[in-house]
Amino acid sequence: MPGKSLPDAEQLLQALTDKMRPEVGPETGLIGIHTGGVWIAERLHRDLKLKVPLGTLDVSFYRDDYEKIGLHRDVKTSSVPFEVEGRHLILVDDVLYTGRTIRAAMNELFDYGRAASIRLAALVDRGGRELPVAAQFAGATIAAAPNQTIELRRDSNGRLELVMREN
Amino acid sequence: MKIHIKNGRLIDPKNGIDAQQDVFIAAGKIVAVGSAPNGFSANRMIDASSMIVCPGLVDLSARLREPGFEYMATLESEMVAAIAGGVTSLACPPDTDPPLDEPGLVEMLKFRARNLHQAHVYPVGALTQALKGERLTEMAELVDAGCVAFSQADAPISDNNVLLCGLQYAATFGFTVWLRAQDATLARNGVAHDGQVATRLGLPAIPVCAETTALATFLLLARETGAKIHICRLSSAEGVDMVRQAKRLGIPVTCDIAVHHAHLSEMDIGYFDPNCHLTPPLRSGRDRDALRLALADGTVDAICSDHTPIDEDVKQLPFAEAESGATGLELLLPLTLKWAEESNIPLPAALAKITSDAARILNIDAGHLSAGSAADICVFDPERCWKVEPAALKSQGKNTPYLGLELKGKVKQTLVEGLIVYEAK
Amino acid sequence: MWLNPSNPQLNKNGELHHLLTLEGLPEAILWQILDTAKSFVGVTQREVKKVPLLRGKAVFNLFFEPSTRTRTTFEIAAKRLSADVINLAINQSSQSKGESVLDTVANLAAMQADMFIVRHAASGAPHLISRHVAPEIHIINAGDGRHAHPTQGLLDMFTIRHYKQDFSSLRVAIIGDILHSRVARSQIHALTTLGCPEIRVIGPKTLLPSHVEKLGVHVYHDMRNGLKDVDVVMMLRLQSERMQGALLPSAQEFYKYYGLTEDKLALARPDAIVLHPGPMNRGVEIDSSVADGGQSVILPQVTFGIGIRMAVMSILAGN
């Protein structure tokens, strides 16, 4: 692999879980963003032993690049199986980059109701923000160049791995 | 004006000539074929090397749109289209507005056409007044005014007694009645052949039995009355078979098809191309093939253009709402040549369908190049390809299924009564 | 056939540009629409049933033939995508003033339309319009003559998939006035493309188009034979003007032989579902006890219809 090697995703996830543990309560709602964010959120939800069922979002209908690239071919269904109104929420994504996905996710969330607060957890913060968005919880911060893509993968055993591609 | 057409391949189906021979013209007539008469000196020489020289085409159906539909086309525009297509004699159906049911209208049309000094126009008179299928027209008067036959164009006669009387009355004078075989009730609201394309596209359909039931009536009444009938625009294999049998039985019947029907089928409607909305409808490939065979074996006597110039405003509509018909005068020759090439028909036999055979049905002295006859001549380049596009068509109607396609065969000169009335640049 | 124009619904990348008919659409596109619709059905079950995808787009409902129901479902779908919706009922008077369909469309296109939803009484009208609009405008056929009603066909497929998961082992019967039905034609094309192995059409000979078997269906005239062991029963609406005359002697006789009653439905598989495109003629093509019964999925069809139309609009506008 060109460039520097990436940290182990499983270790980052462990670190993220530890950071979040003191900050979540029994009524905290966890919402993963498709696809990588949902993988992380599923593990966090299990390991943090949260009672409120896990929510998932596919932000395709809210993306600001629709005009340029059209509708994503493989749109998943969003599912928020709990009352959003007045709840403290944590959005979960795999890699935080421009912040546009998070903007789209927050827009969608507001269509479900007015949350008491929304915080953001990301496995990796790679910098390069184009919007005023920040992660309250991040597994690691990795500086990546604009031509690099950091991607989360999951193998058949459920093991997570970070890979970097150069465009 | 003396003209010498030299070096051309002369095809005169009626006289059985297909050879390189020169034609000599003087005072509007053909004075000699082959070698020049004594002392002939031409004012004009037409070099027809690698060209075909044939009788001017005779078209059994060309709508000139006058009177009544001048917004679609005028006599002027369509007569230019005729000569550009090599057509020197044409019959026009009576479905003008008002219909050609009075001698005055016919005389006016003849007069206007004659003054243009282009193709000869032979009006087909209305069989019934206003084409309503109720009262007969003054047929004998109409013939005196210039009509060559009688028809209802596409209008139906629902009363068989009127039809029977019309045939009897026409037979009295020896006039021919031209009939379109389509039962109006069976064809009601239909716009396409009752086949797989109409089923797929959800187009109201016209079954073959609309043609055959009407045809059966016509043939039986012709046998009953002894009237000469000419069936216009056959479209189906079954219809062709009936005419074949009727001819065998000695019933005095002739028939034609429109040139489009020798090539196209329901499949060509594609995605609702309104230019393929024709009357009768384009039928199945099997029907099309039967029409081609019937042309070859002589069951179908003639090919016509069924020229119908239509305005964009009433053509570029949803298929069923679009007016039916296609422009044809300038496509008659190339499409007939295309049929001949594809079906291995010798050129003289193919050209007979648009010259001498058509003239025989019209009962006029035209469609041949005998010495002493009027010099109505078409000189064309059989190899010249051209693209069918609005700018290439003289007709005011640009409505044709062939839009955008290449056809082979282009008229070089057209002569009417010894005058060069059309010459391609 | 010398004329073989390319599929006018697809752009040069093979993506859906107009939705005019389901005939000839690649299977992958049908699945894409059905999958996307599933997500939109999720949206329609939320508190806020709106997403911002088509914000700023102008969708014109162009109805040359009146239909409140279909127009409303398209309007709801467009609004839930945040589009601006303009409803135009083109009555016969403006048509009879001599303004052609194409003039009407040219005028509206000049108003910066992004999408036309077209309903017309003549088969092929949306095809005609699609040939004459600027390339960036999308056309959706909302029903043309007897030809096609693609979004209805798609919502029926969505409904079948919702209840039966998979098309590969289904027996489907379409019953009633096939001849005049754009819905039946769209259903048949979609079922064939999605791999349904057995499609039956049931009706009297006067209401079946000739050569219907060339569409890949089995023809039945006896409803009791035709319904045997089917998994899906798709009823069609019988237009009232066809209930008496040469096509059918009476609505009563039609009901007796081709109306869906409980005893006839019992011949189908016990888990068979019943669909109807609406509006229903109770007591003509369907009995009330069936329409409102446990096997009826007629109301869910309507809900799914919104999701399907949202999916089609958003896929088109994005291509």
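User: Which pair of chains has the most contacts, and what makes two residues count as a contact?

Analyst: Two residues are in contact if their C-beta atoms, placed from the backbone, lie within 7 Å. By that test two pairs of chains touch, and the most contacts are between chains B and C. Before we go on, this is a predicted model, in which local features need pLDDT of at least 70 and side-chain atom pairs count only at pLDDT 80 or more, while totals for chains, interfaces and linings use all residues. As for labels, residues are numbered from 1 along each chain as its sequence is written, and chains are lettered from A and ligands numbered from 1 in the order in which they are written.

User: What makes up the contact between chains B and C, and which element of chain B gives the most?

Analyst: Chain B brings 20 residues and chain C brings 27. On the chain B side, helix α5 (residues 196-201) gives the most, with four residues. Helices (H or I, at least four residues) and strands (E, at least two) are DSSP runs, numbered from the N terminus. Sorted by class, this side of chain B has nine nonpolar, six polar and five charged residues. Here Ala, Val, Leu, Ile, Met, Phe, Trp, Tyr, Cys and Pro are nonpolar, Asp, Glu, Lys and Arg are charged, and the others, Gly among them, are polar.

User: And what makes up the contact between chain C and chain A?

Analyst: It takes 18 residues from chain C and 16 from chain A. In chain C, α1 and α12 are the elements that give two or more residues to this side. The largest share, seven residues, comes from α1(C). The classes on this side of chain C are six nonpolar, seven polar and five charged.

User: Staying with chain C, why is it called as compact as a globular protein of its length?

Analyst: Let's start with its make-up: chain C has 12 helices and nine strands. The radius of gyration, taken over C-alpha atoms, is 19 Å, close to the 20 Å that the globule rule gives for 319 residues, so chain C is as compact as a globular protein of that length. The rule itself is 2.2 Å times the number of residues to the power 0.38. The C-alpha atoms fill a box of roughly 55 × 45 × 40 Å along the principal axes. Of the contacts in chain C with a separation of 6 or more, 76% come from residues 24 or more positions apart.

User: Why is strand β6 of chain C called largely enclosed?

Analyst: Four of the five residues of β6(C) (residues 198-202) are buried, so the strand is largely enclosed by the rest of the structure. Arg171(C) stands opposite Glu198(C) in β6(C).

User: How do you know where the domains of chain C lie, and what joins them?

Analyst: The bounds come from an automatic or database domain assignment, which gives domain 1 (27-149 + 303-318) and domain 2 (150-301). Their C-alpha centres lie 26 Å apart, and 22 residues of domain 1 are in contact with 24 residues of domain 2. On the domain 1 side, α1 (27-44), β4 (138-144) and α12 (298-318) of chain C each supply at least two residues. The largest share, six residues, is from α12(C). That side holds 10 nonpolar, seven polar and five charged residues.

Technical notes: A residue is buried if 20 or more other C-beta atoms lie within 10 Å of its own, exposed if 12 or fewer, and partly exposed in between; C-beta atoms are placed from the backbone. Two strands pair if DSSP finds at least two bridges between them.
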